[in-house]
Amino acid sequence: AGYWSQMRAGEIPPNTAAQQGFLGRLKGELTRWASENGTQIGQWAYRAIKYAVDLASSVFWVVVVLILAVFVLKDKDRWIAGLSRASDQPGQQRRIRNMLAEIDRALARYIWAQVMLSLLAFGAFALVLSLLQLPFAMLLAILQGLLEFIFAFGPFGAGIVIVATALLSGHNVLATLA
């Protein structure tokens, strides 16, 4: 407790100040910087914890949705049969069952197309970003492939990350945009 109270007061604790050499000076400078910027460090820690909680919440909901989707897809025939019995008229039941089966087929084709598009995007971006010798090319290609599932905003967001990586690593941004 004494160590932290001395740091908060802006003092360098004696056992830290007594160390010599590069590591001793580095520890002293870090201690001084931490004592001068304690409020900002606290704000950074608060933001980091807030983002971690938000991320954990998002991951939780993704897992819950995936688990529910597995159970719904596993029993889809029973769902279709149960929903089609909602009507008392046999002709209406058949129409509802046919409509639900068509919706199921359409969604299956849509998901299959999304998976194929995602794989093609991954392959194209992996090839092009590797040829451009962009750092983390495979990681960026994986990000692009995964974000392809989010309509319009996913590819746009991945594009921003890729262009920012090119900009920050000193690569040609125009070649990356092309």
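Is Ala152 counted as buried, exposed or partly exposed, and at what relative accessibility? Ala152 counts as partly exposed, at 46% relative accessibility. The cut-offs are under 20% relative accessible area for buried, over 50% for exposed, and in between for partly exposed (1.4 Å probe, protein chains only).

The model is predicted: local features need pLDDT of at least 70, side-chain atom pairs count only at pLDDT 80 or more, and totals for chains, interfaces and linings use all residues. Residues are numbered from 1 along each chain as its sequence is written, and side-chain values use heavy atoms, with hydrogens and water left out.

**View 1. The whole chain is helical in its elements, with nine helices and zero strands.** Helices (H or I, at least four residues) and strands (E, at least two) are DSSP runs, numbered from the N terminus. Of the 178 residues, 19% count as buried. The accessible surface comes to about 13,500 Å²; carbon and sulfur atoms hold 71% of that surface. Areas come from the Shrake-Rupley method with a 1.4 Å probe; for residues, only the protein chains shown count as cover. Among contacts (heavy atoms within 4.5 Å) with a separation of 6 or more, 34% join residues 24 or more positions apart.

**View 2. Glu148 is buried and has no salt bridge.** Glu148 sits in the loop between α7 (137-147) and α8 (153-169). A salt bridge needs a side-chain nitrogen of Lys or Arg within 4 Å of a carboxyl oxygen of Asp or Glu. The nearest side chain of opposite charge, Arg109, is 19 Å away. Lys and Arg count as positive, Asp and Glu as negative; His and the chain ends are not counted. Leaving out residues up to four places away in sequence, Glu148 touches Gln114, Leu117, Ser118, Ala121 and Pro155.

View 3. Phe136 is exposed, at 61% relative accessible area. Most residues other than glycine have a negative phi.

**View 4. Leu55, Val59, Val63, Ile67 and Phe71 form a nonpolar surface patch.** Their accessible area together is about 460 Å². Patch members have over 30% relative accessible area and no salt bridge; like charges are joined within 9 Å, nonpolar side chains (Val, Leu, Ile, Met, Phe, Trp, Tyr) within 5 Å. Phe71 belongs to helix α4 (residues 38-74) and is partly exposed, at 48%.
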